[in-house]
Amino acid sequence: MKIPADLYYSPSHEWVRVEGDQAWIGISDYAQHELGDIVFVEMPEPDDELEAGGQLGVIESVKAASTIYSPVGGTVVAINEELEDAPQLINEDPYANYIVVVAMNNPGDVDSLLSAAAYEELCQKEQGGE
Amino acid sequence: MSKVIFARSVAGGGGFSLPPCDVAEIEPAAEINREFLRAEAPLLPELSEVEVVRHYVELSQRAYGVDNGFYPLGSCTMKYNPKINEWAARLPGFAFLHPYQVEESVQGALELLYRAEKLCCEIGGMDRFTLQPAAGAHGELTGLMIIKAYHRHRQDLARSKILVPDSAHGTNPATAHVLGFEVVEVKSNEEGLVDLQDLKACMSSEVAALMLTNPNTLGLFEKEIEEIAAVVHAGGGLLYYDGANLNGIVGVARPGDMGFDVLHFNLHKTFATPHGGGGPGSGPVGVKEFLSDFLPRPLVEKKEEGYCLDYDRPLSIGKVRSFYGNFGVIVKAYAYMMALGGPGLREACELAVLNANYLRHHLQEDYHIAFKRLCKHEFVASGQKQLAENGVSTLDIAKRLMDYGFHPPTVYFPLIVKEALMIEPVETESRERLDEFIAALREIAREARENPDILHQAPHSTVIKRVDEVRAARQPILRWPG
């Protein structure tokens, strides 16, 4: 299971890559593996406002439909349109295939997110439990 | 696989003949705007009557229902549908009514609706019911519309959120979303129950209601329900009871006594009317007295001169379904309630709970059980042991069960248990049938250890083998290409 060291992670299994005041957001390798084959990604529209911890979109796999939460607050500046026709890209490489890019209102939002090491610990705990 | 009906079509093979037309023929183009006229005849298959009959009989033989065998689909309550209920619904006085008949000529039907409402009130511990909603999710929608109307009527306009536990049925958040509410997820604690601390943290003056199933989707009774109700009520919110799992408490405990303000029943689950292809359903919604003005109209009232439909309800949210709702389903459910009576319903519930615990106990050696303690009408087993040790998934186990002649349980739900197998045996199954099911699942666990490939490729005995679910979801073909 891949957990790149240079990303931030949320307890609900999203990753964040920070470039300036922009945040690139996707779901982790652990999340795509748990979901199984992804068949649909519902994304917000550009210019939508997202709250930190609020709903960003919905991801549907053959097993379940799950909410994607936004780890940071801000305005959507881009969505990954490729996912509309090829949602399986997230299964193939969850870190190369972001879901949205957000212009952060408060770059300090990432301070409350998890480091790669802390996230790995969380995944191990979840895997061991129910 | 035999041909689909389109592929069986033979030009000119239609098996009907119309009498000569005895009125002047009309040229469609002369009467109807050209943009509404089709250029080519529709591609309807042309078959004789006997070929059409064979087609449908063949399809019916491929279907699997409760009348074929055991159907332990969790949270769906696939209990046997007594055939006497069909007799009741087909009585000519019910079956041949016209929905526009005047009240004086449908007194029997109105009396049945009136009595059915009274029984629902007694079973649910509520004060009034609407029988209009056509199924469970429609009942949820109706219930939340009532809650919304109530808060609005009090000028309490800030309540924009609905609390939903993370173990909830997917229809709960979907319903809240459709009505423009924001969904806030309440976490489960280590016992699989609503985490009271998290509930308190989520509760605020913005919360319109908490939606709850009790017993929950793990088959566990929310034993702190009175405290849960107190927290929500203290914050000014209401409690909605999702009746999907009513079979775990019916005749024993009443949602109204637990503090619920609004609820729906699924007549097609708890009250034994056909569903899952044999429906339609029916999802009556009950409320406490203080909400009764908001119920859909009309309600059936009993007056000196007889039964009547009361439309004079100015605060009503309006009609949610045409005419009387799914009237035939209500007749069947009423027949079921009257046949069992109070003690009978209680006994049915007790047997449903006994059957679930019997299966849980006898499967625990071979399968991981999510919460190993007394459950209500259903429980959640898991294929995580087989996945870790044998590389066999819950999907493989479910598919293999079909080879043993059983309908698989609900899989991958609730979401909070990995590789979930959610099993609801219901009360109408005999011990012998349960033992056969246990033997099949134990045999499958042995196969997983010794010959996992047989599971990866299952089912082997069905007309259609393993379906490519991923391709079906990503590239669905929804119409005959002809």
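In chain A, strand 1 (residues 8–9) and strand 2 (residues 14–19) are paired in the antiparallel sense over two bridges, in what is a predicted model. Within this pairing, A:Y8 lies opposite A:V16 of strand 2 of chain A. The hairpin that strand 1 of chain A forms with strand 2 of chain A has four residues between the strands, and A:H13 there adopts a positive phi near 75°. Strand 2 of chain A also pairs with strand 3 (residues 22–27) of chain A, again in the antiparallel sense and over six bridges, and A:E19 has A:Q22, in strand 3 of chain A, as its bridge partner. In this hairpin two residues stand between the strands, and a positive phi near 65° is found at A:G20.

The contact between the chains involves seven residues from chain A and 11 residues from chain B. On the side of chain B that touches chain A, seven of the residues are nonpolar, one is polar and three are charged.

Turning to chain B, helix 8 (residues 171–178) has B:N172, B:T175 and B:A176 as its buried residues. These residues lie on the same side of helix 8 of chain B, because they cover an arc of only 95° around the axis. The elements that cover them include helix 7 (136–153) of chain B, together with strand 2 (161–165), strand 3 (182–186), strand 4 (207–212) and strand 5 (238–243) of chain B. Just after helix 8 of chain B, a positive phi of about 85° is taken by B:G180.

Helix 14 (residues 394–403) of chain B is mostly covered, with eight of its 10 residues buried; these are B:T394, B:L395, B:D396, B:I397, B:A398, B:K399, B:R400 and B:L401. The buried residues of helix 14 of chain B pack against helix 13 (384–390), helix 15 (431–450) and helix 16 (452–456) of chain B, and also against strand 12 (410–411) and strand 13 (420–423) of chain B. Just after helix 14 of chain B, B:G405 adopts a positive phi of about 85°.

Although B:E58 and B:S2 are 56 residues apart in sequence, their C-alpha atoms are 9.4 Å apart in space.

Methods. Residues are numbered from 1 along each chain as its sequence is written. Chains are lettered from A and ligands numbered from 1 in the order in which they are written. This is a predicted model: local features need pLDDT of at least 70, side-chain atom pairs count only at pLDDT 80 or more; totals for chains, interfaces and linings use all residues. A residue is buried if 20 or more other C-beta atoms lie within 10 Å of its own, exposed if 12 or fewer, and partly exposed in between; C-beta atoms are placed from the backbone. The arc is that of the directions from the helix axis to the C-beta atoms. Two residues are in contact if their C-beta atoms, placed from the backbone, lie within 7 Å. Ala, Val, Leu, Ile, Met, Phe, Trp, Tyr, Cys and Pro count as nonpolar, Asp, Glu, Lys and Arg as charged, and the others, Gly among them, as polar. Two strands pair if DSSP finds at least two bridges between them.
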